[in-house]
Amino acid sequence: MSSSQQPRRRFVIGLFLIAAVVQVLYRPAQCSSLIKYLSTEYNLSNIYSIIERNQIANTTIHLRSVTVFAPHNEAFLKITKQDNDDEYLPCYHITNVPMKLEQLGKSVFSELDGNPPIWITKKSPEEIYVNQAKVVYSLANYEHNNTFGKPQVLHVIDQVLQPLRMKKNSPQNVYNPNAWEFMQNAEYLDLDSYHTNTFLQRVQNLDKKGVFSNQGGHTFFIPVDEVANYPKVKPEKIDVKVIDAHIVPDNVLFLGPTNEDEQFKTLAFTDMLKVFSSLSKAAEGDKTKYYVSSDTVVGDDVHPTGAVVAEIVKANIPVRNGVVHLISRPLMIVDNNVKQFIESYKDREDSALHRFYEEIMNSGGDFLEKLTAMPNVTLFAPSNAAFNDQSIQSYLLNRTYIRSLLDLHIVNRRLSIDDIVAESIDTVQTEVPRKDLFFNVVTNGKNRTLTLEGGGVNATVVQANLAATNGIIHIIDHVLGIPSSTVDRKLATDPTLNETNYLGQVSSLNDQLGDVQKRFTYFVPRDLAWRRLATDNPSVYKKLFMPEYSQVARAILERHLIIADKAFTMDDFRKEANNNNNLSVRLPVVRDVSMYVKIKDSVEGYSIEWRDEWIHVHRSDVRCTNGIIHVIDKVLIDQNDIDGSGAIATKSISALVLVMAQCLVFYYFN
C-alpha cells in the first residue's frame with residue numbers, strides 16, 4: 001500500500017470506530033433486556049426507579065411481554081410529585097402486549113388496577129401521542145426479549161401519563177369508570193377539590209345517563225359547581241340540548257394532540273341545531289390556560305347563535321370511554337348581555353379582557369351603559385396583549401381620546417363571522433361618524449380568520465363569535481384607531497394592498513416610506529383597482545409587473561405620493577377645495593408637482609376627480625405613525641405612461657443592438 005493511501009485508510013477506520021462508539025452510547029442495551037436498558041439509560045432513570053419500587057410493575061416487566069411508555073427525566077421535572085405516584089404511575093405506563101408504533105390502535109389497556117385504557121392519537125406516522133404525551137419518534141420502537149424470551153417494546157414519551165386517582169383514604173374504590181360512573185363517584189376521586197353535583201343532578205333529572213355511558217372513545221366536558229370569578233349559571237338553563245353540547249362523540253381530544261380552534265361536531269349537532277366545540281389556549285401572566293368553546297352556528301328560539309367559552313380547570317382525565325375535561329361553566333348557555341360579559345373580567349387580572357374593562361372604566365364607564373342600551377350590537381374588544389403594546393402607551397394617557405376610540409369598536413348590528421361571509425360584507429359603519437370597519441376573511445382549510453381595519457389599524461380576531469343576549473363579541477389583537485405602523489409596514493400587512501406593496505418593493509419606492517422624520521400622504525390603489533386595470537388594459541397591467549418596467553411602476557406610484565412637513569386628511573383637502581370655491585386642489589405629489597384634483601364629499605364618502613373621472617376613496621384617513629394613507633378604487637395612470645416607457649425601452653434595445661453590431665464589425669474586420 002502506498003504511503004499516500006495509509007492516512008486515508010486510517011481516517012476511514014477512525015470514522016467507523018466513532019460511529020460504533022456513538023451507536024453504543026445511544027443504544028447501550030441492544031443486546032440486553034428492556035429492564036437493563038432502562039437501568040443503564042441515564043435519561044430514563046426516573047421511570048426506572050418507580051418501576052423498580054413497584055412490585056407489580058417490576059414483576060410484570062421481568063416476566064411478561066410488555067410495551068413500556070417511558071417518560072424521560074425532563075418530563076418528571078414538569079409535574080408536582082404526589083405521595084401515591086409509586087402506586088399509580090408505574091403500572092399506568094405499561095401494557096401487557098408488545099406493540100411497535102405502527103401496531104398501536106386507538107387505545108391500549110394499561111396494567112393499572114382495572115386496566116384503564118391509554119388513548120392513542122396518530123396525527124402522522126411520526127407524530128403520535130399517548131394520552132397527552134408525545135412519543136419521541138427517534139427514541140421509539142426499542143425491542144428486546146426479556147430473560148424468559150418474552151418480546152418487549154419501549155417508546156420514550158415527553159410527558160408523564162396521569163391516570164385517574166382516588167382521594168387519599170377514600171372509603172370506596174373506583175376502578176376504570178366510564179364518564180357516567182366518573183360523575184357518580186366524583187366525591188371519591190382526586191379532582192383538586194372540584195365538584196360536579198349540579199351538572200350531575202341535571203343529567204339525572206333529564207335522563208341523560210346513557211350519553212355518558214356510551215362505549216367507544218368520546219370527549220366529555222363536565223362543568224364544575226363553582227369557580228372563583230366566573231358567574232354562576234342557573235341550573236334550569238341546562239336542558240337536554242345543552243347537555244349534548246358537552247360531548248364530542250367518536251373523538252378522544254386530549255389537549256396536546258388536538259389542533260387549536262379546530263371545530264368538532266358535538267352531540268347537539270342535528271338537522272335543526274348545529275353546535276361545534278373547539279379548544280384554544282392563551283398566555284395569562286406566567287401561565288398558559290386552556291379553553292373550550294361551544295359555537296352554535298344554527299340556533300333556535302331557546303339557544304341563540306354564538307360562542308360560549310369556558311376555562312378548562314382540570315384537563316386530560318382518562319376514563320374507560322374517552323377523556324374528561326372539567327370546565328368552569330356550562331357551555332352553550334347565553335345569559336349575560338354585552339356589558340355583563342365585559343364586567344365578568346374585572347376581577348380576573350390576567351384574563352383576556354381585563355385591560356379593556358379597566359380602560360373603559362378609566363374613561364368614564366358610560367361606554368358600558370351605551371352597550372346595554374343597544375338591542376343588537378357587535379363589539380370588537382381588544383385583548384390584554386393589545387393594550388400592553390408599548391407603542392400605544394402614550395395615547396392611553398389621553399382619556400378623552402380613548403373614549404372616542406372605544407366607539408370605533410362598536411357596530412350597531414349583530415355580526416358573526418358566518419354573517420360576514422354569507423352576506424359578503426366587506427365594509428360596515430361604526431359608532432364613529434364616517435369611520436368604517438373593513439373586513440377580510442382568510443380561509444385556510446377548515447379554518448377561517450377574520451381580519452379588519454379600523455382607523456388605520458389592522459387587527460385579527462383571535463376569539464370569535466362570543467355570544468351575549470344582546471349581541472356578539474369578537475376579541476381582537478390590536479386597539480383600533482391608534483397608529484402603530486409606519487406607511488411601509490401598513491402596506492406590508494394590509495391584505496387588500498398587496499399589489500401596490502409589491503410594486504413599491506420591486507421599484508424600491510417603499511424603502512423611504514419607513515422614514516419617521518418625514519410625513520407621507522399616499523393615495524394607495526387597492527388590489528381591486530389593479531384588477532380593474534388588468535381587465536381594462538391587460539397589456540399595460542402585465543408590463544407594469546415585469547421587472548424591466550419597475551422604474552415605470554415607481555414613476556406611476558410617485559404620482560400617488562405626497563411628501564411634505566405634514567400629512568393631509570381628506571377633510572384637509574375638502575377644506576382647501578371649499579376655500580377655492582370648490583374648484584380643483586393642487587396635490588404636490590412627487591412626480592407631478594402641479595397635479596390637480598377635485599374633491600367630493602357625500603354620504604358614500606369621499607371621491608376625487610382626476611382626468612375627468614370621479615374615483616371613490618374606499619378608505620380615507622388610514623393613519624400611520626409617519627403619515628396617512630387614502631385607499632382608492634382606481635390607479636392614477638394614463639396611456640402616455642406606458643407609451644413613453646415603451647419608446648424608452650425600444651430606444652434602449654436599439655442602442656444595445658447598435659453597440660453589439662459595432663462590436664461584431666470591429667471583431668471580424670480588425
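**View 1. Helix 21 and its buried residues.** Ser 550, Val 552, Ala 553, Arg 554, Ile 556, Leu 557 and Glu 558 of helix 21 are buried (under 20% relative accessible area, with exposed being over 50% and partly exposed in between; 1.4 Å probe, protein chains only). That is 7 of the 9 residues of the helix (residues 550-558), so helix 21 is largely enclosed by the rest of the structure. Helices here are DSSP runs of H or I, at least four residues, and strands are runs of E, at least two, numbered from the N terminus. This is a predicted model, where local features need pLDDT of at least 70 and side-chain atom pairs count only at pLDDT 80 or more, while totals for chains, interfaces and linings use all residues. Residues are numbered from 1 along each chain as its sequence is written, and side-chain values use heavy atoms, leaving out hydrogens and water.

**View 2. Helix 3 meets helix 4.** The axes of helix 3 (residues 45-53) and helix 4 (residues 55-63) come within 5 Å and cross at roughly 100° (lines fitted to C-alpha atoms over the stretch in contact, angles from 0 to 180 degrees between N-to-C directions). That makes helix 3 roughly perpendicular to helix 4 (65 to 115 degrees). Ile 51, Glu 52 and Arg 53 of helix 3 touch Gln 55, Ala 57, Asn 58 and Ile 61 of helix 4 (contact: heavy atoms within 4.5 Å).

Technical notes
Angles under 35 degrees count as roughly parallel, over 145 as roughly antiparallel, 65 to 115 as roughly perpendicular and the rest as oblique.
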